[in-house]
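Take a look at the structure below. The report that follows goes through it piece by piece.

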Amino acid sequence: MIRLWIAGLIRKQPGRLLVALGVAIAVALLASIGAFVAHAKATMTSRAIRSVAVDWQIQAQPGTNPDKLLQLVRTYPAVQSAAPVGFAQASGFTVTTGASTQVTGAGLVLGLPPGYRGTFPGEIRTLAGSGSGVLLAQQTGANLHAQPGTEVHIELANRLSATVTVNGIVDLPQANSLFQTVGAPSSAQPTAPPDNVLLLPYAQWRSITAPLAHSRPDLVTSQIHVRLHHSLPADPAAAYAQLIGTAHNLEARSVGSALVGNNLAAALDGARSDAAYAQVIFLFLGLPGVALAALLSATVAAAAAGARRREQALLRVRGAAQRQLLRLVAAEAALVGVLGCALGLGAAAIVGRITFGSARFGATTGSALLWAGLATAAGVVVTAGAVLIPARRDLREQTVAASRQEVPTPRTPMWARYGLDIAALIGAGLAFSATRSNGYQLVVAPEGVPTISISYWALAAPALLWIGAGLLIWRLADLLLGRGRRATSLLLRPLAGRIAPVLGSSMARRRRPLVRATALVGLAIAFAISTSAFNSTYRNQAEVDAQLTNGADVTVTEPPAADVGPGLAAQLAKIPGVNRVEPMLHRYAYVGSDLQDIYGVRPGSIRSVTAVLDSYFSGGTAAQLMHTLQTHPDAVLVSAETVRDYQLHPGDLLKLRLVNGRTHQQVTVPFHYAGIVAEFPTAPRDSFFVANSSYLAARTGSSAVGDFLINTGGQNVTSVAAGVRALVGTSATVTDLNSTRGAVGSSLTSVDLAGLTRVELAFALILAAASGALVLGLGLAERRRSLAIMSAVGARRRHLFAAIAGETTLVGVGGAVTGAVLGGFLAAMLVKVLTGVFDPPPTAVSVPWGYVAALALLFAGCLAAVVLGTLRVASRSVLDTIRRL
Amino acid sequence: MTTPAADRALVRCTDVGRTYGSGQSAVVAVYDVTCEVWPGDHIAIVGPSGSGKSTLLHLLAGLEVPTVGSLEWPGFGGQPRGPGSVGLVFQTPSLIPSMTVVENVELPLLFADADPEEARTRADEALALLDLRDLRDDLPQELSGGQAQRAVIARVLASGPRLILADEPTSKLDRANGAHVADVLVDVSVELGAALVIATHDPLVSGRLSDEWPMRDGRLSHLDVYDLPFPNPIERQ
């Protein structure tokens, strides 16, 4: 019987199986985003691991035998290889060349065992000469004017000394971690690497420093550098927690003789908060889509529910038992579920292949299978919710007579009677203001602590807004179609003419599916708008971040000692592709004992070459504060920290000490505090000043330019940069936006968030189109009989068009307009709630007009297709339908 | 050449046939039918199920196009569309479920661009004639089978057609209701002065009509138009 039923369903009512499309969208979206997030997390972990040259630096504690400790470390299961490294403090280095002698200040002499560079290839980079033997760090080499073959005299404490011959000049890319203070508290400021470093073969280092170790053991320390087996969990947070635990375990085993500098955990520390953000973005942007697809399935199923109910009533009248009917419903649900899950997983694989070049979205097979399984489970739940449960409820609760009703009596749902929509909206507002007012942080990953906390409460505000607004759209549509049928008739009149009141009344009686369709269309459009606006804002801010770091499309940074005046700007402006050039002074100023950067800008024109946003300032907009600098040349913008530290108030006199360019002596320059600056192009993340360039140049006796900011209008950035390089040669550093963009992206952006957004935006379009076409189309298909009757009693094509188009337009436009409004609110809320994702925080939500236009066109196209398709089908099937009358 | 007398016929079929499909699977529903319907005719097309009654009715209504032969509507100026042309009654009550009885009845008038107030008045009058005034604001699903079929007839009455075509209008009704509906159809056609053609296999219905066209295997079994029980067209002049 079941086979017969299924065959009949496929042959006679294939429209009933369209529910599978909704299920497929839910499955595909969940599988895609899930696999993507798993891949993203794994990529973050592997990138963090790759970025570390030495996984652990284990410091031998005073009194410990380094050889014994090395033995212990080498036998530790997690350790792949370990090498001893000696550190000895030197009083200075000297190089004598003919009559000139170069002397440095204090420095460090390191001893490296053979094979060290092979084990830790990222730690040392050869710049000149040999890669082994005695190696001199680049800066030390520059200080001493040394090169391979130069003899360097090492001054140690207690008048100990040695002379070595330099074999090579090297760069130490990870100097910060190499010279870290192992065991320093996580809150401590990082120590600056030493200016002078000499690297010796371990045996040579030992022989030179042995007397020092004996007489001044405090000046000689031993470390063991470790490379670990990288069999870590894919999730950065789990990998971080495992590494912390492993390091503590080793420290415990060493009975206090070892202190682990956990470089690998430190690298994963940053990645884990990015991973948490990725997870949150997945929840915020992905789950509404899945929920929407589930709603779409339910709505499509509900469109066919009337036919199913009448069919069940017929079978009941003919003696079918409830159990048999349930079996038939279960068979239909199973067919829909299998079809939907198969289609969804197939679609996800295709999306993955198109977007990421891999059906698994780059995730491991295990992760991809896990997410495929989860998505399938979700598909089963969606199918059960959309088909099985409503059909079972109908079977149990509805009488045969009620089931045969073609126009169910519209009843006010319970949620509407109790005002759940309004309550949810109020709740959303309260939750939003609560999260905003409590110094809210979405992701908290305290340094050095394995646990990571994500404020899932932040989800409450958008979730309640989704629910409340969806229900409100329902209520408004119900009001308009029900009590506002006169208004509906008026709206229909241009299309329907004299039959408008009859059509309006008819729509009022059939309003349940229409209201459902309007709400679904509204939510689908809201999803598309909010997702695209969020993504667009994110992209914009990433661009702003890149521009903040680089300064402009192309930036020429003069070395500190250079004395290049603003005149170069005119030459730069002649390079093809250059729109404008803006010189910016860069000096250093003391405020109290703090040394800060100070930038001199031309307030009237700085904004024409680079983004200077309102969000960079407090106490006025960008335009207002630039105007202040213009009209009050001695005005200065100060960082919030300085304002707080020095208790500044607007208008306060601020005396800064700067170096005069002519006399090279410090001079005191009076400024007046005018506002707070948090970010500025090329400026560091910490404290700095922004002042008027003319005033700064006049007071420091020099108009030497620090940076030339070049605007290309975003076009031909690379070729303009090449032209600029050709002009300035090696005298200045030229950077461009394209290369900076890649460098400044966090691991969150670097794991191709663009790919995820493409997937999301495509799904949003599909959902909007499907909700418009499928739901309205199915609803109208259900009304084929009515349209045939209208045709038989004299309706002309224009009447049928009015009936179809009027309904479609009201539902489509009503849903789209309310959805667009909701989408705007949601985007604004998402941007605020997910503010931690943005750097710098955006001033306003960015609207992707291109996408919105594409969405509008696609949606209008779907509605037109529904109208014309239904009209065509209705016209063609009139006779067929009449034959059955 | 058409004679002036022939022009007054509402419908004229000459060697009309209707075949569905083609080749081996072709089904001939109507074959070689020649007939005419005149104002005031009361015709029952009788025959067993599958004999082609409904197809012939659809051909007469202009809903189907003949595959062979010629079909004309001289009495309607060529096409049986528009107000006052053909009224259709189907086997099942063909009311639009989401419209009230009165809305269903006034709908053909509105399609014919009648003034809405006038359409409502005429619908109410038709409903009153068929004793359905009290049910005017009910939905079709609230009516019994007989009431619904009467509402359909009220819709026909309101639009004032000159030809009423009914396809097994009583087949879904009990005997009493069926008889009542048949009476109503005849009364309405008389009231309107319209021709009435009913496809039926119910003798209770066919017995109420003056003429009977037996149909078998897609063919009308009357031999010649002049042998039929209704008057010779020439004599009608």
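Is A:Asn158 buried or exposed? A:Asn158 counts as exposed, because it has 12 C-beta neighbours inside 10 Å. The cut-offs are these: a residue is buried if 20 or more other C-beta atoms lie within 10 Å of its own, exposed if 12 or fewer, and partly exposed in between, with C-beta atoms placed from the backbone.

This is a predicted model, in which local features need pLDDT of at least 70 and side-chain atom pairs count only at pLDDT 80 or more, while totals for chains, interfaces and linings use all residues. Residues are numbered from 1 along each chain as its sequence is written, and chains are lettered from A and ligands numbered from 1 in the order in which they are written.

A:Asn158 sits in the loop between E8 and strand E9 (161–165) of chain A. Its phi is positive, near 55°, and the residue is not glycine. A:His145 is another non-glycine residue with a positive phi, about 55°. The loop that holds A:His145 runs between helix H5 (138–144) and strand E8 (151–155) of chain A. A:His145 is exposed, because 11 other C-beta atoms lie within 10 Å. Helices (H or I, at least four residues) and strands (E, at least two) are DSSP runs, numbered from the N terminus.

Now turn to A:Ala704. It lies in the loop between helix H23 (693–700) and strand E24 (707–711) of chain A. A:Ala704 is buried, because it has 20 other C-beta atoms within 10 Å. Its C-alpha atom is separated by 4.8 Å from that of A:Gly565.

Chain A has 885 residues, and 49% of them count as buried. Its C-alpha trace spans about 115 × 70 × 45 Å along its principal axes. Its secondary structure comes to 31 helices and 25 strands. Chain B has 237 residues, of which 49% count as buried. It has 7 helices and 9 strands.

Two residues are in contact if their C-beta atoms, placed from the backbone, lie within 7 Å. In chain A, take the contacts between residues at least 6 apart in sequence: 82% of them join residues at least 24 apart. In chain B, residues 24 or more positions apart account for 72% of the contacts with a separation of 6 or more.

How many residues of chain B are in contact with chain A? There are 23, and they meet 23 residues of chain A. On the side of chain B that touches chain A, helix H2 (residues 101–111) of chain B gives the most, with 5 residues. By class, this side has 13 nonpolar, 6 polar and 4 charged residues. Ala, Val, Leu, Ile, Met, Phe, Trp, Tyr, Cys and Pro count as nonpolar, Asp, Glu, Lys and Arg as charged, and the others, Gly among them, as polar.

## The nonpolar core

A nonpolar core is a set of buried Ala, Val, Leu, Ile, Met, Phe, Trp, Tyr and Cys residues joined through C-beta atoms within 7 Å. The largest one has 345 residues. Those with the most contacts inside it include A:Ile25, A:Leu767 and B:Leu185. Helix H9 (residues 263–303) of chain A supplies the largest share of this core, 24 residues. Leaving out residues up to four places away in sequence, A:Ile25 touches A:Ala293, A:Leu296, A:Gly344, A:Phe763, A:Ile766, A:Leu767 and A:Ala770.

## Two helix pairs

Two packed helices are described by the angle between their axes and the distance between the axes. Axes are lines fitted to C-alpha atoms, for helices over the stretch in contact, and angles run from 0 to 180 degrees between N-to-C directions.

| Helix pair | Angle | Axis distance |
|---|---|---|
| H3 (116–129) and H4 (145–159) of chain B | about 130° | 8 Å |
| H29 (797–833) and H30 (849–876) of chain A | roughly 155° | within 10 Å |

The angle makes H3(B) oblique to H4(B). H29(A), in turn, is roughly antiparallel to H30(A). Angles under 35 degrees count as roughly parallel, over 145 as roughly antiparallel, 65 to 115 as roughly perpendicular and the rest as oblique.

The contact of H3(B) with H4(B) involves residues including B:Arg122 and B:Leu157. Its residues divide into 7 nonpolar, no polar and 1 charged. On H29(A), the contact with H30(A) includes A:Phe801 and A:Gly812. That contact has 11 nonpolar, 3 polar and no charged residues.
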